[in-house]
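Good morning, and thank you for coming. I would ask you to look at the structure on the screen while I take you through a few of its features.

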Amino acid sequence: MSVSDKTAVVTGAGSKRGIGRATAHALAAAGWNIAVLDLDEAGAKDVATEIAEQHGVQAVGVGCDVTDAASVEAALAVVEGAVPPVGAVVNNAGITSPTPFLEVTSEEWERIFAVNVRGSYNVTRRLAPGLVERGFGRIVFLSSVSAERGGGVFGGVAYSAAKAGQLGFARALARELGPNGVTVNSVAPGLIDTDITAGKLVGEKEKQVLAGVPVGRKGRAADVADLITYLCREESGYITGATYDVNGGAHIH
Ligand SMILES: NC(=O)c1ccc[n+]([C@@H]2O[C@H](COP(=O)([O-])OP(=O)(O)OC[C@H]3O[C@@H](n4cnc5c(N)ncnc54)[C@H](O)[C@@H]3O)[C@@H](O)[C@H]2O)c1
């Protein structure tokens, strides 16, 4: 087996400075063909073009709302017609919100869960049968340090709960799919320098968070991408059901 015969699907890789785009690049550099699914269709196509040019692999970008099963079905049909069979799935699309629990609405709560948890379900449920059938797969979930320590970075209760939901999802799925050569792991980043906070974590607030980071800086998208790429290697087949911290020491447990 070689990853050059396989495709890694990365959701939410459209954003310019995001973890998804860095991950798509890192996986392509390791030889994977790439499929990007993002709400931002132009961003998805842009990163696919960039990847094909820079890494000489096959790449396709498709507009997709991961919360909507029909949209996921349509996007993956395009992917399957365009690139080699899927061997890895990175459930990266996600949204956050700092709204305190006493102010959160049901709509906002549902939305945070829809993208982070149902989105991961829609994509994974659709792709897992093929991984099982082919006897090889790598699935990675983007959880968060917020799930482990109960928020305290940027996201509120809804975000922490949804990211903890992904941890349980990954662990139980690892148990079910292990016999079929499919590993399932989570990465739990701390504060990574991307646009997910929409410029709302700045000044004193940012200083306070950074004071709790032993490494003394924000994480880079590439720091997370490198870890995900490691977990997707063929040689990483004995690592499953695990949660990997990438937080500069902000949470040591
Ligand atoms: N940046 C951090 O500090 C940090 C920390 C811990 C965990 N994470 C997690 O890492 C992942 C990536 O975060 P990021 O910081 O790169 O964010 P980002 O905002 O840069 O990227 C998120 C991407 O997801 C896409 N997206 C949002 N809703 C979608 C939907 N319904 N369907 C399809 N695509 C959708 C967006 O268009 C965007 O391209 C998220 O799951 C996030 O929760 C980030």
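What covers the buried residues of helix H8? The cover includes helix H1 (19–29) together with strands S4 (86–91), S5 (137–142), S6 (182–189) and S7 (243–246). Please keep in mind that this is a predicted model. The residues of H8 that count as buried are Ala-221, Val-224, Ala-225, Leu-227, Ile-228, Thr-229, Leu-231 and Cys-232. The helix itself runs over residues 221–232, twelve in number, and spans 17 Å from its first C-alpha to its last, close to the expected 16 Å.

The structure contains one cavity of 30 Å³ or more, and the volume of the largest cavity is about 30 Å³. Which residues line the largest cavity? They are Thr-11, Val-66, Asn-91, Asn-92, Ala-93, Val-115, Gly-119, Ser-120 and Val-123. Helix H4 (residues 106–134) supplies the largest share of that lining, with four residues. By class, the lining comprises five polar and four nonpolar residues, and no charged ones.

My last topic is the aromatic residues. There are three aromatic pairs in the structure. In one of them, the ring centres of Phe-101 and Trp-109 lie 6.1 Å apart with their planes at 75°; because that angle is over 60 degrees, the pair is edge-to-face.

Definitions and conventions
Residues are numbered from 1 along each chain as its sequence is written. This is a predicted model: local features need pLDDT of at least 70, side-chain atom pairs count only at pLDDT 80 or more; totals for chains, interfaces and linings use all residues. Side-chain values use heavy atoms; hydrogens and water are left out. Helices (H or I, at least four residues) and strands (E, at least two) are DSSP runs, numbered from the N terminus. The expected span of a helix is 1.5 Å times one less than its number of residues. Buried means under 20% relative accessible area, exposed over 50%, partly exposed in between (1.4 Å probe, protein chains only). Contact means heavy atoms within 4.5 Å. On a 1 Å grid over the protein atoms alone, a cavity is a set of points where a 1.4 Å probe fits but cannot get out, and a pocket is an open set with protein on both sides within 12 Å along at least five of seven lines; lining residues have an atom within 4 Å of a point. Grid points are joined across faces, edges and corners, and a volume is the space filled by probe spheres set on the points. Ala, Val, Leu, Ile, Met, Phe, Trp, Tyr, Cys and Pro count as nonpolar, Asp, Glu, Lys and Arg as charged, and the others, Gly among them, as polar. Rings of Phe, Tyr and Trp (its six-membered ring) pair if their centres lie within 6.5 Å; planes under 30 degrees apart count as stacked, over 60 as edge-to-face and the rest as tilted.
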